[in-house]
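Please consult the sequence and the coordinates while reading.

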Amino acid sequence: MTEYSPFEMIAFTGSRILTDNTTVFVGTGLPIIASIHAQLTHAPGLAMIFEAGPLAPMLTMGMPLSVGDTRACHKACYLKGLSSVFELTQRGHADFAFIGGAQIDMYGNVNSTFEGGSYQSPKTRFPGSGGAGAMAANCERSIIIMALEPRRFTPKLDFLTSIGFGDGSPGYREKSGVLGSGPYRVITNEALFGFDDETRRMTLLEVQRGKTADDIQRKVGFELLISPNLGEMPEPSEVDLKLLREECDPEGYFLARKLR
Amino acid sequence: MKDQVQSPIGSVSSLAPGQARDAAHGFSWWGPSPDQARKTTVGKPKGLTDKTTTMKEAVHEYVKDGINLAIGGFVNTRPPVAIVHEIIRKGAKDLTLSFQSNSICPELLAGAMLLDPQHLSIKRVELAWWGYEVIGIAPLFRHLCASGMIELDDYTNYGMSARFKAAAMGLEFLPVRDHGGTDMELVNRGKMIESPFTGRNTYLVPACYPDVGILNVTAADKHGNCRIFGAHCTCPEIAMAASHCIVSTETLISLDSIRNYPNLTEIPYTAVDAVVEQPFASYPGACYGNYWFDMEHILLFRNASEEFRRTGNSDALKEYYDRYVFSCETHDDFLSKIPYRTLRRIREMDGGQPIILT
């Protein structure tokens, strides 16, 4: 049996979701690793967009450690600034976005602003929206990476930073003035989620080998919908792991971390 | 209810009543109004004069108590560290900081405030993100927030960029396609309206007109025409939005070079007030074509900050400022305390990205 870490599973799953000849707006860490893996396997025509300015760079200098750094800009096709790339998303040039955060609810809304206390006097302040709020609004489909814990998969966010389907009502996104179609997938190392077309609620699509839907529900603070075609998450092969460890993150900045 | 027109955010939000920004309270500019900003620019001589000066003179001329200070760069990319060090040495009270995403620059200002609020203080921050990316959260930002010491105004990275862009265009606001349907709609100073053409909900962000913009650029001539290689971040917009702009440049180039490739000028000389030639002006941040960021030095400062946040003990933080900021007269003094091998290594890590200086 192939041994892999939780982060390797997340990166592999992220790669699996991306399709060839599309663009993906990425943040630091696992999204970049997933996208490099996709480029090296099934999606050679995938182009990355980084929020500081570059479109379609060649990541041959090593993995960027900052979304504006030299490695992220190296040999890009187009390189301006934040306004330019976010305007690309408004105009429909960004097919996928990877975002993260501290909390997610059943409609795929995400908090990355604060937890506890009040907005002007938060108990734990996080860095803030950064690009995530704009990516969730206007990239066509957002993919959210989150650790599978009840305190993160919560019925009620302390603050809604990145828009999902809001309260789940059909016109929520349109009434909010945003353009993208919304949350598409939520990736954890033990489960992959999508969203139900009718109710826009989070739906369990795949579980890791050996896990059941009940195991996953116990780690989620709201009631999940379970896909009638519940599947098993494909696992990275030896070849995938070699690519992830030797090509995507050879310095081990993200994949070699231990899950807390 | 903040405004008449709104997304359905009220049905999802957890914010207690009273946390939303009170629309009845009225809107005010956190810096000059568009009219004041335009008047300042109109009143400046527009000749191709020599604007080169020392960092000390530039900062003393433009950085005053109570100003809105816009910080250029993006996280660890081209942060204007040399200018920030000088601002800390000079001191300034009741600052409003404006930026999209930044790391060490606002953290350095926050640390100076925590060590001596009579010397330097931050009153409020309009921002999208404050942290160190791969290196971790910003401990001093978290501390300031938890202590309720600064007023916050949150936008997305595009929101802050569009706010500077609106000011660069001489406008009061720009319509954007984000913020709506999130709690930022409730707490920030933007506003949802119905489009006058289609009736569809559209979010407006107010322009951000800083008093002073601070930037580090790849190359500039002595008049302030600037070239930026690598990510532009939001530097051109900030320069054009601000009433006054201080630019550090990794290298000075001639006006002839500028005239040979006018398309490469990202910031025109009329938007710049002071030019300071300073190699490694973003160190320990990165500058494309010159050097990568020095993660070890950033960690040195961050660890001292984290120790203060966790224990309240400011010894390590104070030692950092004494050694690297207050005991230095110039950025060159600071750089002389960084091992040559480190500077050489970060130069090599940039890989010599092609930049045009001719």
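This is a predicted model: local features need pLDDT of at least 70, side-chain atom pairs count only at pLDDT 80 or more; totals for chains, interfaces and linings use all residues.

Residues are numbered from 1 along each chain as its sequence is written, while chains are lettered from A and ligands numbered from 1 in the order in which they are written.

**Sheet of chain B**

Three strands of chain B form an open, antiparallel sheet in the order β7-β9-β8. Helices (H or I, at least four residues) and strands (E, at least two) are DSSP runs numbered from the N terminus, and two strands pair if DSSP finds at least two bridges between them. Because β7 (173–176) and β8 (191–194) of chain B are edge strands with a single partner each, one side of each has no neighbour in the sheet. Neighbouring strands are turned by 40° against each other on average, direction ignored; axes are lines fitted to C-alpha atoms, for helices over the stretch in contact, and angles run from 0 to 180 degrees between N-to-C directions.

Four bridges join β7(B) to the antiparallel β9(B), residues 201–206, and B:Pro175 stands opposite B:Leu204 in β9(B). Helix α6 (157–168) of chain B lies across β7 and β9 of chain B, at about 145° to β7(B).

**Contact between the chains**

In total, 59 residues of chain A are in contact (C-beta atoms, placed from the backbone, within 7 Å) with 67 residues of chain B. On the chain A side, β9(A) gives the most, with five residues. The classes on this side are as follows.

| Class (definition) | Residues of chain A touching chain B |
|---|---|
| Nonpolar (Ala, Val, Leu, Ile, Met, Phe, Trp, Tyr, Cys, Pro) | 21 residues |
| Polar (the others, Gly among them) | 28 residues |

Definitions and conventions. Two residues are in contact if their C-beta atoms, placed from the backbone, lie within 7 Å.
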